[in-house]
Amino acid sequence: MAGGILADASHSIGRLHFASLVLLDAHKLGFFTIYDGPFDKFMPAFAEKLGPVFDLLFEFAVDPPPTPSARNAGALIEWVVTHVLPPLGMYQAYPGLRVQDVSELEA
């Protein structure tokens with residue numbers, strides 16, 4: 001269920017290059033994304049479109065934000081900011097291209 005929602009909703013956001021759910025260890029799950037634009041512009045659409053995935057995952061989280069995530073975007077954003085892990089490194093093959101640019105090139 002979560003995988004289907006993740007794929008469908010991620011495409012509809014129109015800014016998301018990459019999203020991945022990763023089992024970090026026996027009791028931790030990581031969610032990693034690469035997206036276009038500033039965080040504060042991305043997160044409301046993210047909460048709206050991927051809220052059902054987060055609602056499912058938050059059933060197993062310690063101190064989750066209030067659900068449903070789509071109606072509590074502010075709380076979700078605060079929770080994410082609190083739990084963000086900075087990358088150790090990053091490579092970007094096409095730094096000037098947005099998701100919309102790639103979609104136009106593919107058409």
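Colleague: What makes the pair D36 and H17 a polar contact?

Modeller: Their side chains come to 2.6 Å, and a polar contact is a pair of N or O atoms within 3.5 Å, where one must be able to donate a hydrogen and the other to accept it, so the pair qualifies. Bear in mind that this is a predicted model, where local features need pLDDT of at least 70 and side-chain atom pairs count only at pLDDT 80 or more, while totals for chains, interfaces and linings use all residues. Side-chain values use heavy atoms, without hydrogens and water, and residues are numbered from 1 along each chain as its sequence is written.

Colleague: Which residues does D36 touch, and where does D36 lie?

Modeller: Leaving out residues up to four places away in sequence, D36 has contacts (heavy atoms within 4.5 Å) with R15, H17, L97, R98, V99 and Q100. D36 sits in the loop between β2 (28-35) and α2 (39-58); helices are DSSP runs of H or I with at least four residues, and strands are runs of E with at least two, numbered from the N terminus.

Colleague: How many helices and strands are there?

Modeller: The chain has 4 helices and 2 strands, in the order α-β-β-α-α-α along the sequence.
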